[in-house]
Amino acid sequence: MATIRYYKQDCDFLPKQRMKISAWIKETIAEEGFTAGEISYIFCSQESHLEMNRQYIGHDYQTDIITFDYTDYEKRKVSGDIFIDPVTVHQNAETWNTTQTEEMLRVIIHGILHLCGYKDKTDDEQVVMRAKENHYLAQFK
């Protein structure tokens, strides 16, 4: 059964329109040829996010999202824990000259795209990821 949950950890942020976001996420997953499993979004402080970056990713710098992928690719069932630092997302919105809401939605769907198997390490992968993000963002509005 598909379950998308939203939690806050060491911060006060939760996105508005969570029911609409969850429906959008499920539609995205279906369009990618998967079904939704257990997906948790955990919004956390910059400090705890940085510590996760150090401990699990080996990065000693701030990022906006960390995705732990539990997807069963054989059964095509998307599952995972997605940690988002809302402060960094909001700072990135200023950097990219976009709204905080649009940047948050971009990051939310970015995590789902990772769970669907998309990577973003190389320039070519980043181009594909950004195109997919833009495609799904256009569907949310």
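**Exercise 1.** Does Thr 71 count as buried or exposed, and why?

*Solution.* Before starting, note that this is a predicted model, in which local features need pLDDT of at least 70 and side-chain atom pairs count only at pLDDT 80 or more, while totals for chains, interfaces and linings use all residues. Residues are numbered from 1 along each chain as its sequence is written, and side-chain values use heavy atoms, with hydrogens and water left out.

Step 1: Thr 71 counts as buried because its relative accessibility is 11%, where buried means under 20% relative accessible area, exposed over 50% and partly exposed in between, with a 1.4 Å probe and protein chains only.

Step 2: Thr 71 lies in the loop between β3 and β4; helices (H or I, at least four residues) and strands (E, at least two) are DSSP runs numbered from the N terminus.

Step 3: A polar atom of the Thr 71 side chain lies 3.0 Å from the backbone oxygen of Leu 115. With neighbours within four places in sequence left aside, the contacts of Thr 71 (heavy atoms within 4.5 Å) are Phe 34, Lys 77, Val 78, Ser 79 and Leu 115.

**Exercise 2.** Find what surrounds Phe 68, leaving aside its neighbours within four places in sequence.

*Solution.* Step 1: Phe 68 belongs to strand β3, and it counts as buried because its relative accessibility is 18%.

Step 1: Its contacts, with those neighbours left aside, are Met 52, Tyr 56, Ser 79, Gly 80, Asp 81, Phe 83 and Leu 115. Although Phe 68 and Leu 115 are 47 residues apart in sequence, their C-alpha atoms are 8.2 Å apart in space.

**Exercise 3.** Which residues of the largest nonpolar core touch the most other members?

*Solution.* Step 1: A nonpolar core is a set of buried Ala, Val, Leu, Ile, Met, Phe, Trp, Tyr and Cys residues joined through side-chain atoms within 4.5 Å. In the largest one, which has 30 residues, those touching the most other members are Trp 24, Ile 25, Ile 39, Tyr 41, Ile 84 and Ile 112.

Step 1: Two or more residues of this core come from each of β1 (3-9), α1 (18-31), β2 (35-44), β4 (77-84), α4 (100-115) and α5 (123-140), and α4 gives the most, with 8 residues.

Step 2: Not counting residues up to four places away in sequence, Ile 25 touches Ile 4, Tyr 6, Tyr 41, Ile 108, Ile 109 and Ile 112. A second, separate core has 6 residues, among them Cys 44, Met 52, Ile 66 and Phe 68.

**Exercise 4.** Determine which residues are buried in helix α2 and what covers them.

*Solution.* Step 1: Within α2 (residues 46-57), the buried residues are Ser 48, His 49, Leu 50, Met 52 and Asn 53.

Step 1: Their cover includes β1, β2, β3 (65-69) and β4. Just after α2, Gly 58 has a positive phi of about 80°.

**Exercise 5.** Which element gives the most to the lining of the largest pocket, and with how many residues?

*Solution.* Step 1: On a 1 Å grid over the protein atoms alone, a pocket is an open set of points where a 1.4 Å probe fits, with protein on both sides within 12 Å along at least five of seven lines, and lining residues have an atom within 4 Å of a point.

Step 1: Of the 26 lining residues, Asp 64, Ile 65, His 110, His 114 and Asp 120 are the closest to the centre of this pocket.

Step 2: The elements giving two or more residues to the lining are α2, β3, α4 and α5, with α4 giving the most, 6 residues.

Conventions: A polar contact is a pair of N or O atoms within 3.5 Å; within protein, one must be able to donate a hydrogen and the other to accept it, and residues adjacent in sequence count only if both atoms are side-chain atoms.
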